[in-house]
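Let's walk through this structure together, from the overall picture down to single side-chain pairs. Have the viewer ready and follow along.

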Amino acid sequence: MYFNQAICDVYIGTGAGKKLMEEIENAKRSVKIVSPFLSPFLVKKLIHLHYKGVEVQLITMDIIEDFYGDREKNMHQLIIQDRNIDKDAETLRLKWINTKRWLYFFVIVMILVLCFIAFIIQDRMVLWGGIPLLLAWLLIRNYTSKIRNAKIYKYSYRQLFPFKVFTTADSHSYSHPFIHGKLYLIDDGIAYLGSLNFTGNGTKNNYETRIRIEDRKAIKELVGEFDSLFHNENYLEKELTEWGKELYLEQGN
């Protein structure tokens, strides 16, 4: 997008994010952020805003060498795992458990019967009749394995609040540009643009540039640009389920 003659405040130097963070924390309705790098403690601030009832949207990148923060910590806070019981699998598992118990009972009873007969008639050859019990034992082992490996849970994943993680998997193919711009929209009435990432260094320590805009026409254009990027289907996204399986343990039983 291009917008001319916007009225804005200009800042350059360290601490470029001080006023930005104050206004993000005081947001009443919405916060929308585009930043390729994230810091976990700043993501927590967005989570806090979400639970306060502020609408939060985030666009970031799946950057492999994320030296600004732990990517998995960031995603772990934003993805929730839901676990539901597969009723059919649970019913089948209970059936296997009951079958196993009956098989054990049968084997034990048969061993006692054979031992008793061998003792009464004083003939150890009777004990050869226990060979079929070996097959029963193998059957029990099979059922034990089925019980142990039976998966009775189904897992699904959901976002704590709407976010997009565009992947860098094909960034070198130039099929789409790398998202390097930083944009912060607060209550759709204040916008920040500049070089500062949503990280501790970006907002506090680095020598950064940023501008602050309240121009209504410019804000309207920026909100439209954010929405267009958020719903851009040309950018590849990492699947939510794929994230979830990497971040969470999925117990089978």
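**A guided walk through the model**

With 61% relative accessibility, Trp102 counts as exposed; the scale calls a residue buried under 20% relative accessible area, exposed over 50% and partly exposed in between, using a 1.4 Å probe and protein chains only. Before going further, please note that this is a predicted model, in which local features need pLDDT of at least 70 and side-chain atom pairs count only at pLDDT 80 or more, while totals for chains, interfaces and linings use all residues. Residues are numbered from 1 along each chain as its sequence is written, and side-chain values use heavy atoms, with hydrogens and water left out.

Trp102 belongs to helix 4, residues 87–121. Helices here are DSSP runs of H or I with at least four residues, strands are runs of E with at least two, and both are numbered from the N terminus. Together with Phe105, Val109, Val113, Phe116, Ile117, Ile120 and Ile121, Trp102 makes a nonpolar surface patch of about 810 Å². Patches of this kind take residues with over 30% relative accessible area and no salt bridge, joining nonpolar side chains (Val, Leu, Ile, Met, Phe, Trp, Tyr) within 5 Å and like charges within 9 Å.

Now zoom out for a moment. The protein has eight helices and nine strands, and 40% of its 253 residues are buried. Its accessible surface comes to about 15600 Å², with 56% belonging to carbon and sulfur atoms; such areas come from the Shrake-Rupley method with a 1.4 Å probe, and for residues only the protein chains shown count as cover.

The whole structure holds four aromatic pairs, counted when ring centres of Phe, Tyr and Trp (its six-membered ring) lie within 6.5 Å; planes under 30 degrees apart are stacked, over 60 edge-to-face, and the rest tilted. One of the pairs joins Tyr157 and Tyr248, and it is tilted because the ring centres are 6.0 Å apart and the planes stand at 40 degrees. Tyr157 sits in strand 5 (residues 153–159) and Tyr248 in the segment after helix 8 (240–247), so this pair ties together parts 91 residues apart in sequence. Tyr157 is buried, at a relative accessible area of 10%.

Phe166 and Tyr235 form another tilted pair, because their planes meet at 35 degrees with ring centres 4.9 Å apart. This pair ties together parts 69 residues apart in sequence, since Phe166 lies in strand 6 (residues 163–167) and Tyr235 in the loop between helix 7 (216–230) and helix 8. Are these two residues buried or exposed? Phe166 is buried at 0% relative accessibility, and Tyr235 is buried too, at 10%.

Some rings also meet charges. The charged end of Arg83 sits over the ring of Tyr153, 4.0 Å from its centre, and that of Lys164 sits over the ring of Phe230, 5.3 Å from its centre. The test asks for NZ of Lys or CZ of Arg within 6 Å of the ring centre and within 35 degrees of the ring normal.

Next come the salt bridges, of which a search of the whole structure finds eight; each is a side-chain nitrogen of Lys or Arg within 4 Å of a carboxyl oxygen of Asp or Glu. Lys32 and Asp188 meet in one of them, at 3.3 Å from N to O. This bridge links strand 2 (residues 30–34), which holds Lys32, to the loop between strand 7 (182–186) and strand 8 (190–194), which holds Asp188, across 156 residues. Lys32 is buried at 6% relative accessibility, whereas Asp188 is partly exposed at 35%.

Asp82 and Arg158 form another salt bridge, 2.6 Å from N to O. Asp82 lies in strand 4 (residues 79–85) and Arg158 in strand 5, 76 residues apart. Asp82 is partly exposed with 22% relative accessible area, and Arg158 is partly exposed with 41%. Elsewhere, Asp9, Glu23, Arg212 and Glu214 are linked in a network of salt bridges.

For a last stop, find Thr199 in the loop between strand 8 and helix 6 (200–205). Thr199 is buried, at 1% relative accessible area. Thr199 and Pro40 are 159 residues apart in sequence, yet their C-alpha atoms are 8.2 Å apart in space.
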